[in-house]
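Here's a quick briefing to read alongside the structure. Have the viewer open and click through the residues as they come up.

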Amino acid sequence: FRLTDEVAVASESTRFEAALAEAARLQAGDRLAATRAALAIYAQGDYLPGARSRWADDRRRRLAELAADARTDAAELAFAAERFDEAERLAEEVLHSEPFREAAWRVTMRIANALGDDDGVIRAYRACHQALARVGTAPSPSTHQLFQRLRR
């Protein structure tokens, strides 16, 4: 918000969104670093803690969704850079809050495969299947195809 030509006020949530938008314009390692920096802004605390209204709740949900998307993207980038521990941690953070997010399960399966952990691939796929079964659905064809490909 701009109070005067010289004075502007920004919230952490708008800083977070702007940082994510900037990160999206970058590539590889730069994008990963910028995404982590944006996530650090998000991690500073809840949006308007204690405020209970439809718009505040909607905004909190939107920011949480953006953060999960960013963590998933960062996990993919860390995986591509062979930073498997970081990729795994980021995927686990996503799955802790959103166990139905298949993209994070796919990263988890690919990490296990890259580490030669065939049982880990199976465990990740089964956990994905179980999480999705709780809401009455099954893994998408792309998740199932990845599982089949990694098991060969």
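Thr35 touches Ala23, Ala70, Asp73 and Ala74, leaving aside residues up to four places away in sequence. Keep in mind that this is a predicted model.

**Thr35 and its helix**
- Thr35 sits in helix H2, which covers residues 28-42.
- Is Thr35 buried or exposed? Its relative accessible area is 2%, and the cut-off for buried is under 20%, so Thr35 counts as buried.
- A polar atom of the Thr35 side chain lies 2.8 Å from the backbone oxygen of Arg31.

**The overall chain**
- The protein chain has 7 helices and 0 strands.
- Read from the N terminus, the order of elements is α-α-α-α-α-α-α.
- Along its principal axes, the C-alpha trace spans about 65 × 35 × 20 Å.
- Of the 152 residues in the chain, 37% are buried.
- Take the contacts with a separation of 6 or more: 55% of them come from residues 24 or more positions apart.

**H5 against H7**
- Helix H5 (residues 102-114) and helix H7 (residues 141-150) have axes that come within 10 Å and cross at roughly 5°.
- Angles under 35 degrees count as roughly parallel, so that is the label for H5 and H7.
- By class, the contact of H5 with H7 has 4 nonpolar, 3 polar and 3 charged residues.
- On the H5 side, the residues involved are Glu102, Arg106, Met109, Arg110 and Asn113.
- From H7, Ser142, Thr143, Leu146, Phe147 and Leu150 meet them.

- Ser13 belongs to helix H1.
- With a relative accessibility of 8%, Ser13 counts as buried.
- What joins the side chains of Ser13 and Arg59? A polar contact of 3.0 Å does.
- Asp85 is placed in helix H4.
- At 65% relative accessibility, Asp85 is over the 50% cut-off, so Asp85 counts as exposed.
- How far apart are Asp85 and Ile122? They are 37 residues apart in sequence and 19 Å apart in space, going C-alpha to C-alpha.

**Backbone angles to check**
- Most residues other than glycine have a negative phi.
- Ala28 has a positive phi of about 45°, although it is not a glycine.
- You'll find Ala28 in helix H2.
- Glu82 isn't a glycine either, and its phi is positive at about 60°.
- Where is Glu82? Look in the loop between H3 and H4.
- Glu82 counts as exposed, with 60% relative accessibility.

Key
Residues are numbered from 1 along each chain as its sequence is written. This is a predicted model: local features need pLDDT of at least 70, side-chain atom pairs count only at pLDDT 80 or more; totals for chains, interfaces and linings use all residues. Side-chain values use heavy atoms; hydrogens and water are left out. Helices (H or I, at least four residues) and strands (E, at least two) are DSSP runs, numbered from the N terminus. Buried means under 20% relative accessible area, exposed over 50%, partly exposed in between (1.4 Å probe, protein chains only). A polar contact is a pair of N or O atoms within 3.5 Å; within protein, one must be able to donate a hydrogen and the other to accept it, and residues adjacent in sequence count only if both atoms are side-chain atoms. Contact means heavy atoms within 4.5 Å. Axes are lines fitted to C-alpha atoms, for helices over the stretch in contact, and angles run from 0 to 180 degrees between N-to-C directions. Angles under 35 degrees count as roughly parallel, over 145 as roughly antiparallel, 65 to 115 as roughly perpendicular and the rest as oblique. Ala, Val, Leu, Ile, Met, Phe, Trp, Tyr, Cys and Pro count as nonpolar, Asp, Glu, Lys and Arg as charged, and the others, Gly among them, as polar.
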